[in-house]
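Colleague: I would like to go through this model feature by feature. Please give the general idea each time, and then the case at hand.

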Amino acid sequence: MTTFSDRARQDTTALRDRILELPFNRELAAGRLSRQRFQFYMIQDALYLEQYSRALAIASAKAPDTRAMEQFARSAQGALIVERALHEGFFEKFGIAPVEAAQFAPSPTCYGYTNFLLTVAHQASYEELVAAVLPCFWIYWDVGNHIAADTVPDNPYRAWIDTYSDPSFGQSVNAVIAIANEAAERSTEARRVAMLNAFKRSAQYEWMFWDSAYREEKWPVSA
Ligand SMILES: Cc1ncc(C[n+]2csc(CCO)c2C)c(N)n1
């Protein structure tokens, strides 16, 4: 039987390869990504995580069973606690006060991605929401492992690489994949197609998020 995650993987093979090949990720692996670019990414990611955590909390509230509720509630907390600790470590290293991150405005891509997730969370089905939050886990696990396999000693971004290639993170990735597969199985084909579309849109935004950090994306006009 073809599961939702099999279909999702097949439909995004080319895009996922393109994510691994992005200059941001290649340079991160080699330890030669500029601090400026990484710092831009960290600030945007802090803004992203706050909204992503809300989307996960809504997934928890909508989940049909306590196991999925717990998984999403834990991940919603993880997005705020674990990832914030990672960020604060880097902010300290780069000499940015953590409160300063909140003073930055989200980039167009960050804004687009978080608004997409929150729109799905509030307006679409639970199944589509699960599909929309999955690339965040799955693609980071792919990227984390890919980078961990060919990084250099003393990489200044080691803590980032370790977080996303840690087996405990792999366990939560597998748990969310299993939840998405169960949700798809219980659903209709029309809804599974909607799930695939939500998954693909988030995967595109994941590519865009790294690309926008590399370009240090600004709003093209100010108000
Ligand atoms: C743009 C962007 N996408 C995905 C992640 C990774 N991530 C964020 S929260 C979470 C689950 C709970 O810890 C994971 C895997 C990120 N940091 N930034």
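**Helix α3 and its cover**

Colleague: Which residues of helix α3 are buried?

Modeller: A residue is buried if 20 or more other C-beta atoms lie within 10 Å of its own, exposed if 12 or fewer, and partly exposed in between, with C-beta atoms placed from the backbone. In α3, which spans residues 23-30, the buried residues are Phe24, Leu28 and Ala29. Viewed down the axis of α3, they fall within an arc of 130°, so they line one face of the helix. The arc is that of the directions from the helix axis to the C-beta atoms.

Colleague: What covers the buried residues of α3?

Modeller: The cover includes α4 (35-62), α8 (126-149) and α11 (189-214). It is counted by contacts, where two residues are in contact if their C-beta atoms, placed from the backbone, lie within 7 Å. Just after α3, Gly31 has a positive phi of about 75°.

Colleague: How are the residues numbered, and what kind of model is this?

Modeller: Numbering starts from 1 along each chain as its sequence is written. The model is predicted: local features need pLDDT of at least 70, side-chain atom pairs count only at pLDDT 80 or more, and totals for chains, interfaces and linings use all residues.

Colleague: How many helices and strands are there in the protein chain?

Modeller: Helices (H or I, at least four residues) and strands (E, at least two) are DSSP runs, numbered from the N terminus. The protein chain has eleven helices and zero strands. Its radius of gyration is 17 Å, close to the 17 Å that the globule rule gives for 223 residues, so the chain is as compact as a globular protein of that length. The radius is taken over C-alpha atoms, and the rule is 2.2 Å times the number of residues to the power 0.38. Buried residues make up 38% of the 223 residues. Of the contacts with a separation of 6 or more, 81% join residues 24 or more positions apart.

**Helix pairs**

Colleague: How do α7 and α8 pack?

Modeller: Two packed helices are described by the angle between their axes and the distance between the axes. Axes are lines fitted to C-alpha atoms, for helices over the stretch in contact, and angles run from 0 to 180 degrees between N-to-C directions. For α7 (residues 108-123) and α8 the angle is about 160°, with the axes 8 Å apart. That makes α7 roughly antiparallel to α8; the classes are roughly parallel under 35 degrees, roughly antiparallel over 145, roughly perpendicular from 65 to 115, and oblique for the rest. Leu117, Val120 and Ala121 in α7 meet Glu128, Leu129, Ala132 and Val133 in α8.

Colleague: At what angle do α1 and α11 pack?

Modeller: Helix α1 (residues 4-11) and α11 pack at about 45°, with their axes 10 Å apart. That makes α1 oblique to α11. On the α1 side Phe4, Arg7, Ala8 and Asp11 take part, meeting Arg192, Met195, Leu196, Phe199 and Lys200 in α11.

**Positive phi**

Colleague: Where is Asp154 found, and what is its phi?

Modeller: Most residues other than glycine have a negative phi. Asp154 has a positive phi near 60° and is found in the loop between α8 and α9 (158-165). With 7 C-beta neighbours inside 10 Å, Asp154 counts as exposed.

Colleague: Is Glu216 exposed or partly exposed?

Modeller: Glu216 counts as partly exposed, with 14 C-beta neighbours inside 10 Å. This residue lies in the segment after α11 and has a positive phi of about 50° although it is not a glycine.
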